[in-house]
Amino acid sequence: MPRSRRSPGAVLRPPSPRRGWVWWLPLIAVAVDLIAEVAVRGREPVSFMLIAVPPLAAATRGPRGTALSTVVCLGLQMWMAAIRPGHFAEQHHVAVYSATLVIGIASVALSWQRERTRRHLVRAHSVAEAMQRVLLRPMPDRLGPVRAAAYYEAGEGGTLVGGDLYDVCETPFGVRAIIGDVRGKGLEAVQTVAAVLGSFRVSAHEWRSLSSLAERLELSIARNSPGGDDGDPELFVTALVLEFPPEGGEVRIVDRGHPSPIVVGPLGARRLVTAPGLPLGLGGLSPDGDDTTVHPLGPGEVLVVHTDGVSEARDAKGVFYPVLERLGERFGGEPSPDPEAVVSFVRSDTERWSAQSDNDDQAVLALTLTGAAPRQRPRLG
């Protein structure tokens with residue numbers, strides 16, 4: 001996902017509009033009018049066409065540029081009328097001057113409003129970008145013995161934050177990760193993402209048991225449910241909570257109703273069998289117990305987790321994107337796939353596969369063990 005390189009505290013200014021073909025329309029209109037004036041040799045009044053220039057300028061220029069275009073057009077109209085004796089003060093010419101002036105003033109006002117709206121959108125975009133940086137922090141290339149790469153794209157056009165989430169952190173119990181998908185979209189989904197990630201970033205360092213960590217995330221949803229009693233009673237989050245222990249060689253998984261992980265590498269591609277539980281937010285309906293599954297992770301193998309925005313991308317025939325098969329065709333048998341290459345492949349391959357916009361968020365996380373154990377820290381009791 002593209003990330004801004006704007007330094008903290010930088011002054012936000014609206015980006016300069018690109019000079020596409022619309023930008024040149026006012027100049028083209030003036031040029032056409034002048035050419036027509038020469039062609040008719042003053043026999044017919046053609047300066048009325050200049051009335052259209054100020055509105056065209058308002059579409060691409062600021063208030064000053066629009067006002068300047070109005071003054072230029074008025075000057076050209078008066079000059080074209082003055083070169084024909086007796087025409088300068090004729091009634092229809094005066095009407096053209098007046099119309100150009102009134103339309104020019106209105107165009108300046110429209111241009112000012114357009115610039116104001118653009119500045120507001122820039123500020124709103126900057127706030128959304130800052131929120132994204134807080135919620136979905138840039139993924140480090142390596143945490144302890146784990147190399148990682150991630151990709152995220154919000155399904156709603158023009159937005160940066162949606163209802164998918166992921167994070168990876170190094171803890172006293174090993175490297176832990178989460179990926180999830182909030183039911184629904186909009187502000188409530190973003191609020192739930194913030195609650196889950198905030199709880200994970202604190203609780204992942206405190207709870208030895210992965211199941212206990214999942215229960216803590218469950219509690220965070222209950223305490224931070226948007227809207228309180230008036231919120232969505234069916235709010236839940238499908239999630240995978242992962243742990244790579246310090247001793248290495250395996251991955252521990254708690255599955256809360258999320259698509260199960262895929263492992264690609266020298267032995268091909270396979271989907272891991274987990275013990276699916278109810279999604280976070282509905283866990284109170286299921287019995288307590290440790291539902292952690294443990295899987296060996298060999299040298300060079302990459303663990304890939306994704307949200308359903310990837311697996312439910314459809315082609316022109318309505319066929320869902322076959323994540324396992326596509327990863328197996330591309331990376332199956334490779335001795336040590338690069339996590340960044342895996343993530344980039346899934347991103348580009350789903351774009352080529354999709355024949356329609358499903359407006360669903362997409363998140364992909366790829367993790368692999370490097371074989372080096374992290375520095376040991378004191379374990380919490």
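Here are a few notes on the predicted model above.

1. Ground rules. Numbering runs from 1 along each chain as its sequence is written, and side-chain values use heavy atoms, with hydrogens and water left out. Since this is a predicted model, local features need pLDDT of at least 70 and side-chain atom pairs count only at pLDDT 80 or more, while totals for chains, interfaces and linings use all residues.

2. The sheet. Five strands make an open, antiparallel sheet in the order β3-β4-β5-β6-β9. (Strands are DSSP runs of E, at least two residues, and helices are runs of H or I, at least four, numbered from the N terminus; two strands pair if DSSP finds at least two bridges between them.) At the edges sit β3 (164-171) and β9 (293-296), each pairing on one side only. From one strand to the next, the twist averages 20 degrees.

3. β3 and its partner. Eight antiparallel bridges link β3 to β4 (residues 174-182). Cys169 stands opposite Arg176 in β4.

4. The helix on the sheet. α5 (residues 187-203) packs there, touching β3, β4 and β5 (237-244), and its direction makes about 10 degrees with that of β3. Contact means heavy atoms within 4.5 Å; axes are lines fitted to C-alpha atoms, for helices over the stretch in contact, with angles from 0 to 180 degrees between N-to-C directions.

5. Cysteines. No disulfides turn up anywhere in the structure (that would take two cysteine sulfur atoms within 2.5 Å). Cys73 is buried at 1% relative accessibility, and Cys169 is buried at 7%. Buried means under 20% relative accessible area, exposed over 50%, partly exposed in between (1.4 Å probe, protein chains only).

6. Thr60. This residue lies in the loop between α2 (53-58) and α3 (63-82), and counts as buried at 12% relative accessibility.
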